Structures are given as C-alpha cells and as structure tokens.
Amino acid sequence: MFTRLGSEERAQAFHDPAPHESREPGPWHVPPRTRLPPRWAVRLALGTRRLLQSLADRVVPAHVAVRERSFGVGATALLGVAARLRIADKLEGGPQTAAELAAGLGVDTDALHRVLRALVSGGIFALGSDGRFRNNRMSEPLRSNTPQSCLHWADYFGSASNLRAWADVEGTVRTGQSAFERVHGMSVWQWFALNPGEGRVFADVMVDLTDLEAAAVARAYPFGEHTRVCDVAGGRGTLLAEVLLHHPGVRGVLFDSPEVVRAAAPLLEARGVSGRVELQVGNFFDAVPEGCDAYVLKDVLHDWDDARALHILSTCRRAMAPGARLLIVEVVVETLETRAPGPLIDVQMMTVCSGGRQRSRSEFDALLRQAGFTLRRVVQCDTPLCVVEALAV
C-alpha cells in the first residue's frame, strides 16, 4: 500500500466508504524538497550492502542467520513502539535513563529499559555504561524533524492492524485473499476511516515517500515533451510541483478529492508553481479531467486486483485523446526478480490491500491493451520506481 491514497476512490474503495488523503498533514505542513544521489551511486551502495550482508551470513552457521531473521517481527514491533513514543525526539536534548524517559512518557520503567536495550542490540540507539540511552546514526531517522525521517514509516509498519494482518499471511498463501480483510473484516481503507489516527500516520508515510521520490521521477522522464500534465490522485501536489520545477514549459492539473486539493495550495505556493496548476476534484473510478496530453498514476494501480486496475485505466482512457500518454509510476517487479525492495513491497500489497500487487512489464502490457493503450517503454528512475509509459490508441 505504498500509495498516496488517491482520488476519492480509495476514499470509496470501489464504492465502499474509506478515508482519503485528507489524512495527510494539514495545509500548514510543507515538506522540504529531498535530493537523492544519482542512480549509479545508489546501486553501488545497495550492492555493497547486499554483498556485506551475504558475507556476514557466511561466517556463521546458516541456522544462526535464519534464527536471527525470525526475530524480524519483533524488531518491527519495537521500532513501532519507539516511533509512537517519540524516543529519538526525547533524546535530542541529551542521554537519559529509562527511568527518566518513562517518567515523562507515563510508561513502565523496567519494560521501557528492556525494549530500548533490545533495540540497542540491533543497532538502534546506544546505551552507555552510565545506564543512559542516547541517539546514534541509526536512531536519527526516527526523529520527527530530520530530513528523510522514517518515523511515520516505523509507526505504520509496527502498528497493531498491520502486524495482525501479517500474522495471518499463511492464510493469504493458502487462499490468495487479503489477510487484512480476513483478519479485520473490512478493507484497509475502511479501517482507516474508522481509525483516523492510523489513517493519518499512513498518509504521513505517503507524504514522506512522495517527497523522497519526486525529484527522481521528475528527472527520469522527459515531462518537457508535454504541455499539460494531469496528476491523478496527486495528493497535495508534491510530485506535480517537482515536475513543473524541472520542466518550466509544462502546466499541471492536480486531481484529487476536495479536502486534499484544498490542502494543496500552501505546498504549490511554497514551491512557486501555484500559477501553473489547475485544481480539479473528483473520483478516479468515475471520471478524470479531459484535455491533458499526459496523465500520471503514481502508486495507484498496485492497490488493486486486475479488474479494478482495469476500471481505473479505462476511466483514464475515456478522458484521453488518441496519442496522449499515460504514465504509471510504480515499482515494476518481474517474475524472477529477487532484489529488494520490490518483492517485499509486492507481498505487503498482497497481504494488506484488495488484490494488490506489484506488476511485471508483461502484466502491465496486458492490462493496458485491454484498456485501449499500447505500452511504449519503461523508464527506470534513480529509485526503485519506474515510469511505465503507455500511448492511448
């Protein structure tokens, strides 16, 4: 469910009630623009990391490495606790004992000490000989006011609703059906509607991800070939603003639900592109704006099974003139792909969403042809994301 919760459909979950991206931070929050290193540097760093991890596994018996990995769910849950308690923020002023932290948080001292000690054993936070915990390089991303923060990410993935769904992933393997819907008796979007606190955290994750990825997408694809670009389910306009900043000759249409579009104005103004953006509201299962020569769907289709993904594509096609471009921005995962993060993202979609999946090039091709498109090319970004470009025929 790595998505921006787009256009009132996720708000209706194919006509089921659920929340929308209004769960994003309020209009006063304008995230800083994030810059990523070039793709070759990212690939080199990640490749080196994978090699070192493989070597580390080889210096111990295999059963030791496997047993260590089995603690993964515990690490996820503990990171979630640290995020929700804002431990890294509390330690910004200096080292503290568990007792000092617990007094301010109103939690049990002994339990907090043991949780933080376990996190230290995994490299998150540091513990001095004086019994005081302090931030380290690995806990810095858990601060709320640091660039490229992972605070919301850790909070969401360590949430009780997400962990309960993963606890029943075997049921999904047996049936092919969403564990979240089986465990909670409703779609994840309906769950967020009934639990707005979790919905806001999830929306914050999506804001963080889009801010991190937007510049890479804007650089990778030649948006300057188009004059009017519509970002369908575009949230508060983070990606669209970046596209317009990189391509001064382009004008944009931001399409989303009314409450989300209302929250877009401060970000677009802060980025200096508000005069080049037309705001339109609606639901992408019903209709999208006409008259654009390029339409962007970022992290939308992977939330849905093929039938509903096809419905979204068909809605877009009805608004497009022959020759217009559809740009699907997602992580493309081929059948034999094993490099992270694609396969793990795919299983998250399978476990939590309504038939969600990361698709391969051939799977996109089949859906696009049914909706009246021809797949033209797949452009790799400096992140795991790709831009799947299709032509309306």
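**Rings and a helix pair**

A: Phenylalanine 192 is buried, and so is phenylalanine 202 (under 20% relative accessible area with a 1.4 Å probe, protein chains only; exposed is over 50%, partly exposed in between). Keep in mind that this is a predicted model, where local features need pLDDT of at least 70 and side-chain atom pairs count only at pLDDT 80 or more, while totals for chains, interfaces and linings use all residues. Residues are numbered from 1 along each chain as its sequence is written, and side-chain values use heavy atoms, leaving out hydrogens and water.

Counting ring pairs gives twelve across the structure (centres within 6.5 Å; planes under 30 degrees apart are stacked, over 60 edge-to-face, the rest tilted). Phenylalanine 192 and phenylalanine 202 make one that is stacked, 5.1 Å centre to centre with 25 degrees between the planes. Distant parts of the chain get linked this way: phenylalanine 192 sits in helix α12 (residues 188-194) and phenylalanine 202 in helix α13 (residues 196-220), ten residues apart. Helices here are DSSP runs (H or I) of at least four residues, numbered from the N terminus.

Zoom out, and ring pairs join Phe192 and Phe202 with Trp153, Tyr156, Phe157, Trp189, Phe284, Phe285 and Trp304 into a cluster.

As for the helix packing, α17 (residues 306-319) and α19 (residues 361-371) have axes 9 Å apart and an angle of about 50 degrees. On the α17 side, Asp306, Ala309, Leu310, Leu313, Ser314 and Arg317 meet Leu367, Leu368, Gln370 and Ala371 of α19, with contact meaning heavy atoms within 4.5 Å.

Methods
Axes fitted to C-alpha atoms, helices over the stretch in contact; angles between N-to-C directions. Helix = DSSP H or I, 4+ residues; strand = E, 2+ residues; numbered from the N terminus. Phe/Tyr/Trp six-rings, centres within 6.5 Å; stacked < 30°, edge-to-face > 60°.
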